[in-house]
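Have the structure open while you read.

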Amino acid sequence: MERTHLRNLSIDELRDFVLQTGEPEYRFRQLAAWIYARLESRIDDMSDLPHAFRERLASSSDVTASAPVSIQQSAIDGTRKFLLEFADGARVESVLMRYDRRNTVCLSSQVGCPLDCVFCETAKGRFQRNLTAGEILDQLCLLKSEAGPPSQKINVVFMGMGEPLLNLPSVVAAIKVMNDPLGLDLGAGRITVSTSSFPDRIRELADSGAECSLALSLNAPNDEKRRELMPKASHFAIADLLAAARYFVGSGRRHATLEYVLIPGHTMADADAGQLGVLVRGQPFKVNLIPYNPGRHDPFQRPTEAEIDRFVRRLLPVAPAVTVRRSRGVDIDAACGQLWNASLMEKKKPAKGAA
Ligand code: SAH
């Protein structure tokens, strides 16, 4: 019989799973606390569960279905990038960023990405598959346990590898466990789903009951430029995307941010700032500018501070709120758009002489 990945169960399914073994309800609460509050992944170490129950659990199930293959740490800012491997050998990267008073984890939702945004490294790898909810939660639990005491709250961003809205059922299921007081107990303000398109799915996310915020990767001030930079994500017009983002904001006490990658010669002209200003004026969106991080394959340049300042100054008078994202972990290829790098590529070429 196939083993059960406990983190791939919803909180209700976890309860049923425990009740089916003949244990009382409170054992489920104890188990949930071990998995999500104490972040324990070894069933054997769950010391207040009866020995027989632990043995039964361990014979049929696992808390985690992933193992860290390598961890790299930035010498600049302490950001750590984790390469995780799942049972079938698929690998993703996840990133842990420390700020003064908070930790943020950047999660992957797919192995590779089916989109083809020209400025993003992830798009240059092969798309393999969607992650399960449990594989998404494995990333969060592992990185959270590395971040500090389990009681500390953490911010979660779906900005790693993949397009979260093309794996919506797993992403929604994972967020519901993150929201649950018996799960990770994180509110909408602590979880951000970043997407490049798909207005219908933005609405579906809004109606799903998953409490989270939205980030829309706009990245261009008009449809024509957007098509050049994000061909597959530009099937829908910017106007449709913004309407869906407004629906998301209107569907609860939720926030939406527009992300905009600053690429000199492509998205940073004064006219681009002007057009972006027209799009966001009077809208309920913050704008988060992301200075382009170079990949190994593409011809773009990182913007200078002077170029960034000039763009911000043009936008500020009309935009409700503008921030500039200072990318973390650039020296270990952990910054926005840099995931899926050499360490993953190597996996595809079996070493010469390997058995
Ligand atoms: N597929 C999702 C989530 C992953 S990308 C999405 O597109 O939103 C997370 C953010 O990083 C997106 O806003 C994306 O536009 C941005 N990004 C991608 N490549 C980048 C690069 N090379 N430099 C800076 N930001 C980049």
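**Ligand site and pockets**

The ligand sits in the largest cavity. Keep in mind that this is a predicted model.

**Around the ligand**
- Strand 10 (191-195), strand 12 (256-262) and strand 13 (285-291) are the elements that give two or more residues to the shell around the ligand.
- That shell counts 21 residues, and Phe-119, Ser-194, Ser-217, Asn-219 and Asn-293 are the closest.
- Sorted by class, the shell has 10 nonpolar, 9 polar and 2 charged residues.

**Backbone contacts to ligand nitrogen**
- Phe-119 puts a backbone N or O atom 2.9 Å from a nitrogen atom of the ligand.
- For Asn-293, a polar backbone atom is 2.9 Å from a nitrogen atom of the ligand.
- At Cys-336, the distance from a polar backbone atom to a ligand nitrogen is 3.4 Å.
- On its own the ligand would expose 540 Å², and the protein buries 96% of that.

**Largest pocket**
- This pocket holds about 870 Å³ of space.
- It is lined by 32 residues, with Arg-102, Val-157, Met-159, Asn-288 and Arg-325 closest to its centre.
- Elements giving two or more residues to the lining include strand 5 (91-98), strand 9 (155-158) and strand 14 (322-324).
- The lining splits into 14 nonpolar, 11 polar and 7 charged residues.

**Second largest pocket**
- Here there is about 240 Å³ of space.
- Of its 13 lining residues, Glu-2, Arg-3, Thr-4, His-5 and Ala-65 are closest to the centre.
- By class, the lining has 4 nonpolar, 5 polar and 4 charged residues.

Terms used
Residues are numbered from 1 along each chain as its sequence is written. This is a predicted model: local features need pLDDT of at least 70, side-chain atom pairs count only at pLDDT 80 or more; totals for chains, interfaces and linings use all residues. Side-chain values use heavy atoms; hydrogens and water are left out. A residue is near a molecule or strand if one of its heavy atoms lies within 4 Å of it. A polar contact is a pair of N or O atoms within 3.5 Å; within protein, one must be able to donate a hydrogen and the other to accept it, and residues adjacent in sequence count only if both atoms are side-chain atoms. Accessible areas come from the Shrake-Rupley method with a 1.4 Å probe; for residues, only the protein chains shown count as cover. On a 1 Å grid over the protein atoms alone, a cavity is a set of points where a 1.4 Å probe fits but cannot get out, and a pocket is an open set with protein on both sides within 12 Å along at least five of seven lines; lining residues have an atom within 4 Å of a point. A molecule sits in a cavity or pocket if more than half of its atoms lie within 2 Å of its grid points. Helices (H or I, at least four residues) and strands (E, at least two) are DSSP runs, numbered from the N terminus. Ala, Val, Leu, Ile, Met, Phe, Trp, Tyr, Cys and Pro count as nonpolar, Asp, Glu, Lys and Arg as charged, and the others, Gly among them, as polar. Grid points are joined across faces, edges and corners, and a volume is the space filled by probe spheres set on the points.
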